[in-house]
Amino acid sequence: MENQSQNSGRRLREQSASPSSRRSLKRKLEEEYGEDRVSVGGEDRASVGGESPAASQQDLIRDIKAQVEILDAVFSASEQDRASAKHAIHVLSELAKNAVSCGMVIEMSGDYIYVPLIVIINSTKFALAQDMVNLIVDCEAVPVLVKHLQAPPPLGRDGEGGLSSYEHEVEKGSAFTLGLLAIKVNSSNCMVLSLHPEHQQLIVDAGALPHLVDLLKRHNDGPNSRVVSGVIRRAADAITNLAHENSSIKIRVRIEGGIPPLVEMLEFSDSKVQRAAAGALRTLAFKNDENKNQIVECNALPTLILMLRSEDTAIHYEAVGVIGNLVHSSPNIKKEVLVAGALQPVIGLLRSCCSESQREAALLLGQFAATDSDCKVHIVQRGAVPPLIEMLQSPDAQLREMSAFALGRLAQDPHNQAGIAHSGGIMPLLKLLESKNGSLQHNAAFALYGLADNEDNVADLIRVGGVQKLQDGEFIVQPTRDCVAKTLKRLEEKIHGRVLSHLTYLMRAGERNVQKRVALALAHLCSSDDQRTIFIDNNGLALLLELLESTNSKHQRDSSMALCRLANKANSLSPVDAAPPSPIPQVYLGEQYVNNPTLSDVTFLVEGRRFYAHRICLLASSDAFRAMFDGGYRERDAKDIEIPNIRWDVFELMMRYIYTGSVDVNLEIAQELLRAADQYLLEGLKRLCEYAIAQDISVENVSIMFELSDAFNALSLRHACILYILDNYDKLSVMPWYVLAADPSYSARDEKLLCESDDQT
């Protein structure tokens with residue numbers, strides 16, 4: 001069970017971003033990228049339209065090639081060349097942003113990539129936008145953009161101008177544009193973006209990484225400079241996009257020395273730089289142990305933990321994401337993170353106004369609580385439970401899922417179970433079982449499994465109808481069904497001693513609804529030894545019958561299932577063994593004397609044929625034959641006794657039972673044999689017939705079988721019919737005869753009409 005929860009933790013760390021996170025980060029994107037928006041050729045390229053697709057594409061290709069040629073020709077430090085390069089890069093970036101504009105965040109495998117979203121005006125423009133990035137790459141823009149990631153050679157002493165007017169600006173634009181070129185629009189869903197592996201590799205192969213790392217190191221050139229902040233931020237963003245879900249590029253970033261400057265950038269005064277650096281570290285840390293270790297060795301943890309306490313939601317969101325990826329599947333780093341003091345600020349983020357930070361914090365707490373029992377207790381002691389329970393009731397499905405995940409881990413520790421339940425955790429967890437999200441269901445079920453281990457929680461679970469919710473739930477995946485079955489088994493094992501005393505008290509003194517819930521639960525969970533105490537001495541049976549008589553179909557169904565379970569527990573003997581013993585010892589003459597004239601002293605006439613019998617055997621078999629031969633009946637002295645109402649084959653089978661004590665009863669003859677056995681008071685034979693008939697009970701004939709049991713006082717058959725009715729309530733409740741019988745206005749006349757209708761059918 002714990003292994004399933006650990007697998008759930010890994011999957012949660014890798015799941016995709018929620019709609020709410022996309023909305024909040026979209027606002028961040030608009031703020032981030034808005035400052036880079038420029039007009040190209042006197043108009044915003046996002047509004048291009050009106051031309052035919054072919055003409056528009058040719059114009060774009062010419063425009064792109066023109067800018068590429070400019071960039072290839074003006075790699076110098078002169079002010080004019082720098083201005084031309086800056087303008088050409090802006091043109092390319094605007095064209096790239098036409099394919100990815102308006103802002104969106106992508107999260108894949110736990111990494112968040114800040115990218116724009118395409119705005120689709122019509123299908124033609126979508127097709128154009130979809131091809132835009134490919135057009136730019138195909139026009140060989142990547143090599144010239146990579147070239148402009150580095151500063152050109154300085155001019156000589158007598159040269160004019162310098163880099164001061166555009167220092168860092170060209171490099172910033174190149175980094176930004178290369179980051180955009182790593183993004184592609186999903187053709188099957190224009191609102192979803194992903195990273196383009198071929199473009200990622202192309203940009204890296206063109207030599208971008210060393211230059212991007214060099215740009216990161218410019219933070220030492222002017223820590224308070226706006227232009228320096230801009231270029232290092234764009235370099236960090238580009239590294240994030242290039243390394244995302246690409247293990248080889250993550251390794252190359254580390255080899256090129258990119259991690260130390262990113263860690264240093266966490267202390268930058270510009271919050272945007274901090275966020276960009278944290279985003280890159282988050283990507284580099286995911287599923288890469290060497291990168292994780294280097295980030296920790298570079299002493300990133302103290303700064304990241306300080307960032308957790310930031311009032312800037314974007315900063316603490318990025319910080320908790322980095323820490324989450326660092327501790328993921330890395331127990332040693334997890335210990336270092338806890339020793340560094342991360343626990344309390346992470347718990348504090350559960351009350352953040354940023355739902356994404358809350359979600360990441362809950363996930364991280366679940367990871368902290370994976371195996372360390374002391375840590376589980378500390379998390380609860382430091383106040384994590386109330387906000388986690390509040391999150392269970394959030395409208396955000398991922399918040400509910402993460403909080404259930406964390407509570408599930410915490411609930412496996414005995415010290416935490418009562419506290420979670422008494423803080424109000426049971427009801428929202430039970431509610432989550434109704435979710436159509438399989439992961440959410442499983443996390444809630446796992447938490448309830450932990451809570452059920454504490455005796456103090458059993459009555460609370462039962463009192464609010466928890467057993468019925470566990471039994472009735474429609475669970476999506478098999479591990480959840482297994483978990484629920486183990487929870488019910490765990491509850492069953494607790495129904496004794498003080499727990500049982502508490503429940504029987506509730507059944508006597510609680511509110512009426514609580515009494516009924518307890519009676520329903522105990523019918524399924526109690527042992528056979530306690531049935532009389534619960535259902536006779538403490539009035540539990542009356543509560544179940546009251547539910548059975550309810551007009552609420554759900555109450556009727558629940559009561560039927562409970563009564564069926566009780567009856568099955570009580571009915572431990574087989575029908576034959578349950579037959580009352582004969583008042584005198586049985587005497588069996590044996591198979592060879594059946595219808596044998598040897599020593600026969602009485603003859604029966606059946607359908608005109610003689611059947612030879614022996615009085616001694618008949619006298620020992622039943623009270624009916626004793627009365628016939630020892631009483632004042634005319635048969636006492638008669639040599640031939642006529643049997644007018646039984647067929648020969650039925651009579652022969654009945655006599656065979658009298659002579660041998662056993663007989664095989666087939667379904668075709670069972671009902672007639674039952675009537676004969678009832679007529680001659682052969683209780684053992686009746687049980688055999690009842691058992692055979694009971695095997696044929698169905699939704700269509702159960703009412704007829706029940707009437708048959710009444711007609712011949714067949715108690716075992718009657719019990720079998722009742723159990724079948726209780727066990728198949730859902731199927732029977734829609735039958736016409738059941739609907740009428742359940743109607744208070746149903747009368748004998750209605751029954752007659754219904755029977756006549758059935759006969760006609």
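Tutor: Helices (H or I, at least four residues) and strands (E, at least two) are DSSP runs here, numbered from the N terminus. This is a predicted model, in which local features need pLDDT of at least 70 and side-chain atom pairs count only at pLDDT 80 or more, while totals for chains, interfaces and linings use all residues. Residues are numbered from 1 along each chain as its sequence is written, and side-chain values use heavy atoms, with hydrogens and water left out.

Now step back into the helix itself. In α8 (residues 197-205), His199, Gln200, Ile203 and Val204 are the buried residues. Looking down the axis of α8, you will find these buried residues within an arc of 135°, so they line one face of the helix. That arc is taken from the directions that run from the helix axis to the C-beta atoms.

The charged pairs come next. Side chains of opposite charge can pair when their charged atoms come close. Counting a salt bridge as a side-chain nitrogen of Lys or Arg within 4 Å of a carboxyl oxygen of Asp or Glu, the structure holds 34 salt bridges. One of them joins the side chains of Arg82 and Glu171, at 3.3 Å from N to O. This pair ties together distant parts of the chain, with Arg82 in helix α4 (residues 79-99) and Glu171 in helix α7 (residues 169-181), 89 residues apart. Arg82 is buried at a relative accessible area of 3%, and Glu171 is buried too, at 1%.

Other pairs sit within a single helix. Glu652 and Arg656 form a salt bridge through their side chains (3.4 Å, N to O). About one helical turn separates Glu652 from Arg656, because they are 4 residues apart in helix α35 (residues 648-660). Glu652 is partly exposed, with a relative accessible area of 25%, and Arg656 is also partly exposed, at 22%.

In helix α37 (residues 683-694), Arg687 and Glu683 are 4 residues apart, so about one helical turn lies between them. Their side chains meet in a salt bridge of 3.2 Å, N to O. Here Arg687 is buried at 8% relative accessibility, whereas Glu683 is partly exposed at 25%. Elsewhere, salt bridges with shared partners join Asp472, Lys554, Arg557 and Asp558 into one network.

What about the cysteines? A disulfide is a covalent bond between the sulfur atoms of two cysteines. With the cut-off set at a pair of cysteine sulfur atoms within 2.5 Å, the count comes to 0 disulfides. Cys483 is buried, at 0% relative accessibility, and Cys564 is buried at 5%.

For helix packing, look at helix α16 (residues 313-327) and helix α19 (residues 355-368), whose axes come within 9 Å and cross at roughly 25°. Axes are lines fitted to C-alpha atoms, for helices over the stretch in contact, with angles from 0 to 180 degrees between N-to-C directions. Angles under 35 degrees count as roughly parallel, over 145 as roughly antiparallel, 65 to 115 as roughly perpendicular and the rest as oblique. That is why α16 and α19 are described as roughly parallel to each other.

Finally, back to positive phi angles. Ser329 lies in the loop between α16 and α17 (331-339). Its phi is near 60°, a positive value in a residue other than glycine, and Ser329 is exposed at 52% relative accessibility. Leu681, in the loop between α36 (667-679) and α37, has a phi near 55°, again positive in a residue other than glycine. Leu681 is partly exposed, with a relative accessible area of 41%.

Notes: Buried < 20%, exposed > 50% of the residue type's maximum accessible area, 1.4 Å probe, protein only.
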